Amino acid sequence: MTVLDAKSGACDERRGLNVESLRNAILSHVSFTQATVPEYATPWDIWVAVAMSVRDRLNDRWIATRNAYYNKPDTKRVYYLSLEFLMGRALGNSLVNLGLYDEYNQALKELGYDLEDVRDLEEEAGLGNGGLGRLAACFLDSMATLELPGYGYGLRYDYGMFHQRIRDGYQVEEPDDWLRLGNPWEIARPEDVLTVQFHGRVDSYIDEKGNRRRQWVDTHDVHALPYDMPIPGYRNNTVNTLRLFSAKATREFDLAYFNHGDYLRACQDKSLTENVTRVLYPNDQSMQGRELRLQQEHLLVSSALQEILNRFRAHHDDWNLLPDRAAIQLNDTHPALAVAELMRLLLDHHGLTWNQAWEITTNTLAYTNHTVMPEALEKWSVKLLGQLLPRHLEIIFEINRRFLDDVHHRYPGDGDRRARMSIIEEGEDQKVRMAHLAAVGSHSINGVSALHTEIVKREVMRDFHEFWPDKFNNKTNGITPRRWLRKANIPLSRLINEAIGEDWIRDLDQLRKLIPMADDEGFQAAWREAKRLNKVRLAAYVQMKQDLIINPEPLLDCQVKRIHDYKRQILNLLHVVTLYNRLKAGRAEDFVPRTVLLAGKAAPGYHHAKMTIKLATAIGEVVNHDPDIGDRLKLVVPENYCVALAEFIIPAAELSEQISTAGMEASGTGNMKFALNGALTIGTFDGANIEIREEVGEDNFFLFGLTAEEIEARKAAGYDPRDHYHANEELRTALDQISGGFFSPTEPGLFRCLTDRLLEEGDPYMVLADYESYVECQQRVSRAYGDQAHWTRKSILNTARMGKFSSDRTIRQYAEEVWKLRPVPVSLEANSRP
């Protein structure tokens, strides 16, 4: 019997799993961690006590997991490098994976507290921003659940991206000081501190064997202090590690400056050094911001790679074994410097030859591409990179020289191809193309949906695909069902458990057992009740947090994601204005009452995106307070969209807006979360929408808009958005209202920048071209929602057919096809070495 099975028996405040043990453990931490007594404990004291008692129960498994990996040094491990990990709150997820959610709920009730209220006190870790970071978090959950020896490597930012407030309709950014009250989930590891070099110069010397070598000297050094966070698997003994590095000065204080009265200068070096991990995504509009961002990327890859090589060398002398013991996955181009850094460490620190180091590097690294948008493919100034990382620039130039020799050999005389494929982009300001560096230095290049991968092969990296067709593969993204259904949607997950048992939590394909129940009237009624409870819960939450009013009765139509032109929130808003005009004119056919919820953050320097938020709130002010409209149509814009808010919105949503321009969204995972929770999708033929539609069935997905191929054809033929403006009266009216000040009467021209983007600047994301199709499709949505039995059947089938989109499936594919990784089961009886 393992500790996981011991939910009855003797009370053990550190390890016990029954309600009595948990209650006593909480009280013990109130006294011995928070140094107070229960009658004077604050809600914060209770939250910390609960978190620490949960961590106690993770620690045995955490130690046993490290032991299992340590005692099997020939086992291959995967290291997932990502500049973002959008983890969400850890308490609820840990309780679900430990199988202790109900027990803690009961223990807290007996102490006079509510688990939901305690969970709401937890600050979200400010370690990520959007889909990239959330995907990384789902992947870590799946690695642990599948018992794969995996590590996450990232940075411990003092501040997250920002806390979004909406004031007078405008986004206002406030610091996300998520660490201000401490983080009970992390453990500092000062004994593992590493040194990371910056600046300096490169010298030559002759080694003891008479070989000419290069060395990086006179550097500015930074300490990378690691902090570990536990990543528990579901109902097993595996607890993997997310290791986050924090930049620390090598000298805390310059006493000489202090003694001369220069108190600011005495602390200046420390402050500047520790700025490296001060904030997630520093504004890169300035040179200082770009340098800070590059420093972050190097700190991550250098720290991670030093540790990986140290771990390898503890058991192995033959460097050629490294690709058989370590797989390193680069999550987008942010960690692409790993190609040059791994080469530097092997060449300069361990004395390997170039050919040997290159063979090891390319067989160890793998690269995931996450975008088809050229402006999102990172490029770094050669000048900046040379100043900050001079040895890396030397190595990159040599990699490029050898690579272009190979290209020339394959395609003699094709100078244009060599220029396109070069890692160095020529011009007045030479740049290093990080996607090219990652592609050249990796043995695997994958996209994240079937369409995205084809676009990468056909367009974004066409030359590379022709050169190395076997490197390219697809790994469609996925989401963890533990957080996004079992934890976030308790009413629905309980209903599913009663119907088919709990095996679906580990094997999402088990949800297909719900298909025969889709036409059962009793099951449909229970399904609708679960959705209603989630809508009521969302309404109560946003009213408590932001004083927003949401009526739980109408159709809840949700678009929640980063605000960006290509995600086309403006198309959604044009539809809201069209519905408003139809209701005012008394000609809204097939209309059903609807609440449109739009949420997301705009990058601080992205003016159009911020003005889109302002437009949404302005439209909401008019629509929501028009007595002619009443409760038939509402537009609400909750602030500070984050994982915690998503866990309220997604279970409540009935319509999921996935309306990006076809060919622009690499995959998307929000679409998967909504569909898994029974929301129907209105979407374009883009990203993972295509595969979701294939799985759930064409009849259960509302498709509209041009395909990627049709968009390219329209643009090639000379697309003029004004043709649609003149041809469609409803579109013309809506645009004129927005540009003419109907929604901003005190500032009539306020939103002209948005309409000019559509009419005068070519409508680059084809909003007007898709408007008519979108509005017609929304009418089909209304007709379908009017038949609740018909709608509920579609909703059940969406959930039942989402098995493919588990991150467990994605990680299993990575493990089998890219990493060549096998599970390592963990026993709690093997805690022989920490």
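Reader: Which residues does Leu 597 touch, not counting residues up to four places away in sequence?

Author: Leu 597 touches Leu 538, Ile 550, Leu 556, Asp 557, Cys 558, Gln 559, Val 560, Val 636, Pro 638 and Ile 649. A contact means heavy atoms within 4.5 Å. This is a predicted model, in which local features need pLDDT of at least 70, side-chain atom pairs count only at pLDDT 80 or more, and totals for chains, interfaces and linings use all residues. Residues are numbered from 1 along each chain as its sequence is written, and side-chain values use heavy atoms, with hydrogens and water left out.

Reader: What is the pLDDT average of the protein chain?

Author: The chain averages 94, and 96% of the residues score at least 70; pLDDT is the predictor's confidence in each residue, from 0 to 100. Over residues 1–10 the pLDDT is below 50, although this stretch has 24 contacts in the model beyond near neighbours in sequence. Where pLDDT is low, the predicted coordinates should not be read in detail.

Reader: Why is Asn 477 called buried?

Author: Asn 477 has a relative accessible area of 4%. Buried means under 20%, exposed over 50%, and partly exposed in between, with a 1.4 Å probe and protein chains only. Asn 477 is therefore buried. Its place is in the loop between strand 17 (472–474) and helix 19 (481–487); helices (H or I, at least four residues) and strands (E, at least two) are DSSP runs, numbered from the N terminus. Leaving aside neighbours within four places in sequence, Asn 477 is in contact with residues including Leu 135, Val 448, Met 672 and Arg 809.

Reader: Why does Ala 376 count as partly exposed?

Author: Ala 376 has 36% relative accessibility, so it counts as partly exposed. Ala 376 lies in the loop between strand 12 (365–368) and strand 13 (379–381).

Reader: What makes helix 24 mostly covered?

Author: Ten of the ten residues in helix 24 (residues 643–652) are buried. Among them are Val 643, Glu 647 and Pro 651.

Reader: Which residues touch the most other members of the largest nonpolar core?

Author: Leu 597 and Trp 819 do, in a core of 198 residues. A nonpolar core is a set of buried Ala, Val, Leu, Ile, Met, Phe, Trp, Tyr and Cys residues joined through side-chain atoms within 4.5 Å. Helix 2 gives the most to this core, with 13 residues.

Reader: How many cavities of 30 Å³ or more does a search of the whole structure find?

Author: The search finds eight. On a 1 Å grid over the protein atoms alone, a cavity is a set of points where a 1.4 Å probe fits but cannot get out, while a pocket is an open set with protein on both sides within 12 Å along at least five of seven lines; lining residues have an atom within 4 Å of a point. The largest cavity has a volume of about 200 Å³, the volume being the space filled by probe spheres set on the points, which are joined across faces, edges and corners. Of its 17 lining residues, the closest to the centre are Met 87, Asn 93, Pro 230, Ile 231 and Arg 483.

Reader: What is the volume of the second largest pocket?

Author: The second largest pocket has a volume of about 630 Å³. Of its 22 lining residues, the closest to its centre are Arg 66, Tyr 70, Asp 192, Arg 243 and Arg 311. Helix 2 gives the most to this lining, with four residues.
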